[in-house]
Amino acid sequence: MAAKYCYWSVATGPYAAWMERCAASAQAAGVSKEFHVLADQEIAGCECYDAMDVDLRDGMARFVYLKAAISKLHFDHYVWVDADTVFTRNPDRLLGTLGRGPIHVPLGERVDHLPEDASLRGLSPVRYHELMRKAGVYNQIHASRSAFWIVKRAAVDVVCELAKHHYAITKTCGEAPHGDAALGYAMQMLCGDPQAHLASRRPDLWWSDESGEFAAPDPLADGWDPRKLSAPRTQAAPPALVHMPVRRRREMSDSAVAVEAIPALG
């Protein structure tokens, strides 16, 4: 029997509109999976639950929601997508990214290959590397974000415990913890081969448009057709899921939303 999975996210305040766009783009692309969202208002195309009063600023709230709420839903796997994500088609072999592991987080460059002045949620690559080593990662350490990831239901408890461990190590060392690094830590502690989880291994599946190259109209517009989306210069065709943080920041800025007051997504 095929494994069952759903998409889930957190979308409060102005992110609700983006989540509605995300769900609308998925429906237009032929995605039939359910979207379960912690929210402070109803969002079309999604099953919504009370987001409660949880601090979202350091990115750790997603682990609270995952363990306390989402894991109670009867699915074999849970697929997180940031609200500012657009579906261009129904993803193929999505759960195949897990291999035989319990979690998949798309990994980026090795941290020791990054420029010295790079910033990973406020940490230099050297400091990021030190903290991962101190927490127990002994293979090659990769940078990662939390805009898209998959976790097996049976692994939810251990993933949350590992994230809390990294959070505690980081805080004890005098640095500001963040959920991105905590998730990346859990991923790299549980996966046997980091190379198998590199984002570059599945360019057809997911990509984060950090440069704003992706040309996408509004999924809620009349006549929106995901097949007509244009890929950025770096890719021959758009992946099934495109994370669009640049466009989201631009639109929030244009609408006079105080971006700095909004909790950061992955």
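The structure is a predicted model in which local features need pLDDT of at least 70 and side-chain atom pairs count only at pLDDT 80 or more, while totals for chains, interfaces and linings use all residues. Residues are numbered from 1 along each chain as its sequence is written, and side-chain values use heavy atoms, with hydrogens and water left out.

Strands here are DSSP runs (E, at least two residues), numbered from the N terminus, and two of them count as paired if DSSP finds at least two bridges between them. The pairings discussed below are set out in the table.

| Strands | Bridges | Direction |
|---|---|---|
| strand 1 (residues 5-11) and strand 4 | four | parallel |
| strand 4 and strand 9 (residues 148-152) | five | antiparallel |
| strand 5 and strand 11 (residues 241-243) | three | antiparallel |

Strand 4 (residues 77-81) is largely enclosed by the rest of the structure, because five of its five residues are buried, where buried means under 20% relative accessible area with a 1.4 Å probe, protein chains only. H77, V79 and V81 cover one side, and Y78 and W80 the other. Of these residues, Y78 is the bridge partner of C6, whereas W80 stands opposite W149 in strand 9.

Notes. Buried means under 20% relative accessible area, exposed over 50%, partly exposed in between (1.4 Å probe, protein chains only).
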